[in-house]
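Me: I have not looked at this one before. Can we go through a few parts of it?

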Amino acid sequence: MIRVIAWRAAFALPLLVAVTAGMFALAQASPFDPVRQYLGDRAMVTDPAVVAQIRANWGLDRPFLEQYATWLGNLVTGELGESRSFHRPVAEIVAERLPWTLLATSSAIVLMLAGSLVVGTLAAWRKGSLLDRVITGGAFANESVPVFWLALLSIYVFALKLGWLPAGGLSDAASSTLEPLDVAHHLILPVVVLAISQSSWLVLYVRESVIGTLREDYVIGARARGLRERTVLVRHALRSALLPFLTILGARVPELVTGAILVETVFSWPGVASTSVQAALAVDFPLLAVLTLMGTIAVVAGNLLADLAYRVADPRTRTVAV
């Protein structure tokens, strides 16, 4: 396990450097001027000397390589810079909003895993039945639906029409404090929408994997020995079918990050994912660069955790060279 982590870390470091260099190159090529975006309507009447002074204060008048080296050096020392749109340190914004994103995404992952395993296994168990066709058709239909449309539909149905759940935010507008039950009530819709939007291929993959495993000789032998169908399905077929499932789960991390951005934006959830949209609209590069780097780290970490889980689940892979 330690060898795998060390080997992946050795490859992750140049990847992260390449991502940051690409971010700076795109920022330099962007037609949007962060100073004019910062000034807004005042840019038309602001003295050019003042504009030049702001540009110098932000270091935008320096060469590309010098800007990049300065930012990278500050990043290594933990200095993330000042947000131009929030007028606060980037580290402070991330520390304030990251726990809410972790709460929403971790809850969605748990729900997504449990739901995909149960629904996919039921579809495989009743292969060819009406239940199987409904689950398969629903999974394909769900995959074609944009995440933001599903979020807006859930708000329309459960918040506006039925009035069961709040439409967004972290707590009620009239509340002056954060109560755990109130936060949990506001968390239901974002978590359910995010989990459902990312579960389609997982359901289909579990279904196909379980169907293939049910044809194996050891499963047929277990049935021939008179074991109950539930025992055969859960302890024999599903257990072996989970191994490829771990691999595809790691590949879904990038889509989970993208889905979190859209879901948090629609539901006004105060996490770092929705903050990236605000930073992009405001051309707030110091904040946007850190959030993009965090997204890259999340993808790398997700794939690493999937590989480690695969080695834990299947001891045979531990003997394979890194």
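Me: How close do the axes of helix α5 and helix α8 come, and at what angle do they cross?
Reply: This is a predicted model. In it, the axes of α5 (residues 90-125) and α8 (residues 180-197) come within 9 Å and cross at roughly 55°. The two helices are therefore oblique to each other.

Me: Is that crossing left-handed or right-handed?
Reply: The crossing of α5 and α8 is right-handed.

Me: Which residues meet there?
Reply: From α5 there are W100, L103, A104, T105, S107, A108, L111 and M112. They meet V183, L187, V191, V192, L194 and A195 of α8. By class, this contact has twelve nonpolar residues, two polar ones and no charged ones.

Me: Switching to rings. How many aromatic pairs does the structure hold?
Reply: Six. One of them is F24 with Y68: the centres are 5.3 Å apart and the planes stand at 75°, so this pair is edge-to-face.

Me: Where do F24 and Y68 lie?
Reply: F24 is in helix α1 (residues 2-29) and Y68 in helix α4 (residues 64-76), so the pair ties together parts 44 residues apart in sequence. Both F24 and Y68 are buried.

Me: And what about F24 and F285?
Reply: Their ring centres are 4.8 Å apart with planes at 80°, so that pair is edge-to-face. F285 lies in helix α14 (residues 285-313) and F24 in α1, so this pair ties together parts 261 residues apart in sequence.

Me: Is F285 buried or exposed?
Reply: Buried, because its relative accessibility is 17% and the cut-off for buried is under 20%.

Me: Which residues form the aromatic cluster?
Reply: F24, Y68, W71 and F285 form one cluster.

Conventions: Residues numbered from 1 in each chain as written. Predicted model: local features only at pLDDT ≥ 70, side-chain atom pairs only at ≥ 80, totals over all residues. Heavy atoms only, no water. Axes fitted to C-alpha atoms, helices over the stretch in contact; angles between N-to-C directions. Helix = DSSP H or I, 4+ residues; strand = E, 2+ residues; numbered from the N terminus. Parallel < 35°, antiparallel > 145°, perpendicular 65-115°, else oblique. Left-handed = near helix turned anticlockwise from the far one by under 90°. Contact = heavy atoms within 4.5 Å. Nonpolar A, V, L, I, M, F, W, Y, C, P; charged D, E, K, R; others polar. Phe/Tyr/Trp six-rings, centres within 6.5 Å; stacked < 30°, edge-to-face > 60°. Buried < 20%, exposed > 50% of the residue type's maximum accessible area, 1.4 Å probe, protein only.
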